[in-house]
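Here is a friendly walk through one protein chain, taken a region at a time. Keep the sequence and the structure open beside you as you read.

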Amino acid sequence: LQCLGTLCIEAYLLEMAKPQETPNEFNSFKVNKGGNMQLENSRYRTRVRRSDQTQVIVTNEAGKEYIGRAYYAKGKMTTIRPMAKTSFAGTAKSIRVVGREEPTNSEKAQSELLLLLLRGERDLRTSVFTRNLWFPKWKAIKKDLTADCGDFGKELLFEIRLNPSQMRAAEAMVSGTPLVVTHGPPGTGKTTTIAAAAKVWDACSQPAWIVAHSNVAVKNIAESLFKKGVKFILLVSKEFYEEWHEHLYAGIESNLIRSDKLPNDKVGMERLFNGSSIVLSTLSMLSNPVLEINGSFDLVPVKRLVIDEASQIRVFEYMVCLYCRLLTLQRLSMNCFKLAHICQVSKRSFESMLLR
């Protein structure tokens, strides 16, 4: 309970640190025949998303405010329905979103796990990695690690051009080491090291999931794997991809599966995976319930998990990741720039899992 309480407090402080109001950047704004406001967003990060919880406030050149709710969004376009009968008049000078959006899949998974723990239907100590990191003194942990590629894997790594530090990290990742933390500033070859380990796992048909906090980081890893001839599947959210970032995936489209194209059946997902043992996604994508429904974790068990940008991820997200859906996990590799969570609220109150 003490561990759970700490995690809940940290999650609450981070949630409270989020801004209640977000300014929007837009290319165009107009009112259609039905009186609804249509907005073309100019930046993905500040886009107005569909939400039943937030309000969109549009201010015209005279300073008059019109309040609406975004009820439809696709690509760069958002449609806003006025909350009053008064139609917008004039020219839109500024747009801002007030309130908090609906919880993400990752946040929903955290709430689900919290409820199960409080009911006594789950125990944090069930997961070997949770016990290693949070409860190391609670009972002896039996190691049950499957064999990797052995000498073949080492020979394959030797053929890849790695510097001594990269080689040590890659060897640890493909060996029986249960937890590997790689720390280094940008440009030191962390992505290259991940790609080297993935090449070994691919050659040996060893299942592995490689995730990161951001879509861009996952895309960078995908490009590195593609250059090294690694067979992989890349899961990308439709919202991030459509109209916003298609250009980022030029050359690797054949490896890409959009979230809206995920089937609900195991046979369909097996066809899309096409024998790949390496899957890339954001960490939040792991909480997508469709991946459980269509048997993705059965087709490619999460026995090996590589987390890039590890220091940017909240501690509770690790708890859900390591426990809720990934009970088959045997090895975990983390790549990070700073061995502490980056947060602007009470840094001293945040105890990074990586420092345990």
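A residue is called buried when its relative accessible area is under 20%, exposed when that area is over 50%, and partly exposed in between, using a 1.4 Å probe and protein chains only. The model is a predicted one, in which local features need pLDDT of at least 70, side-chain atom pairs count only at pLDDT 80 or more, and totals for chains, interfaces and linings use all residues. Residues are numbered from 1 along each chain as its sequence is written, and side-chain values use heavy atoms, with hydrogens and water left out.

**Charged pairs**

Let us begin with the charges. Side chains of opposite charge can pair when their charged atoms come close. A salt bridge here is a side-chain nitrogen of Lys or Arg within 4 Å of a carboxyl oxygen of Asp or Glu, and the whole structure holds 14 of them.

| Salt bridge | Closest N to O distance |
|---|---|
| Arg-96 with Glu-65 | 3.0 Å |
| Lys-266 with Asp-298 | 3.9 Å |

What is the setting of Arg-96, buried or exposed? Arg-96 is buried, at 19% relative accessible area. Glu-21 is partly exposed at 44%, and Glu-65 is partly exposed with a value of 44%. Helices (H or I, at least four residues) and strands (E, at least two) are DSSP runs numbered from the N terminus.

The salt bridge between Lys-266 and Asp-298 links helix H9 to helix H11, across 32 residues of sequence. Lys-266 is partly exposed at 40% relative accessibility, while Asp-298 is exposed at 54%. Elsewhere, salt bridges with shared partners join Glu-15, Lys-18, Arg-100 and Glu-107 into one network.

**Helix H9**

Helix H9 spans residues 266–273, and its buried residues are Gly-268, Met-269 and Phe-273. Looking down the helix axis, these buried residues fall within an arc of 135 degrees, so they line one face of H9; the arc is taken from the directions from the axis to the C-beta atoms. On the face turned away from that buried side are the exposed residues Val-267 and Arg-271.

What do the buried residues of H9 pack against? Their partners are strands E10 (233–236), E11 (256–258) and E12 (278–282), together with helix H11 (296–299); contact means heavy atoms within 4.5 Å. At the start of H9, a side-chain oxygen of Asp-265 comes to within 3.4 Å of the backbone nitrogen of Val-267. This is a polar contact, meaning a pair of N or O atoms within 3.5 Å; within protein, one must be able to donate a hydrogen and the other to accept it, and residues adjacent in sequence count only if both atoms are side-chain atoms. Just after the helix, Asn-274 has a positive phi of about 55 degrees.

**The nonpolar interior**

In soluble globular proteins, nonpolar side chains tend to be buried together. A nonpolar core is a set of buried Ala, Val, Leu, Ile, Met, Phe, Trp, Tyr and Cys residues joined through side-chain atoms within 4.5 Å. The largest such core has 40 residues, and those with the most contacts inside it are Leu-157, Ile-210, Leu-225, Leu-234, Ile-278 and Leu-280. Elements giving two or more residues to this core include helices H4 (150–159) and H5 (164–174), and strand E9 (208–212). Helix H6 gives the most, with 7 residues.

Leu-234 shows how the packing runs: setting aside neighbours within four places in sequence, its contacts include Val-218, Ala-222, Tyr-249 and Leu-280.

Ser-224, in helix H7 (residues 215–227), is buried at 13% relative accessibility. Not counting residues up to four places away in sequence, Ser-224 touches Thr-191, Thr-192 and Ala-195.

Gly-184 belongs to the loop between strand E8 (179–183) and H6, and is buried at 6% relative accessibility. Gly-184 and Asn-335 are 151 residues apart in sequence, and their C-alpha atoms are 7.9 Å apart in space.
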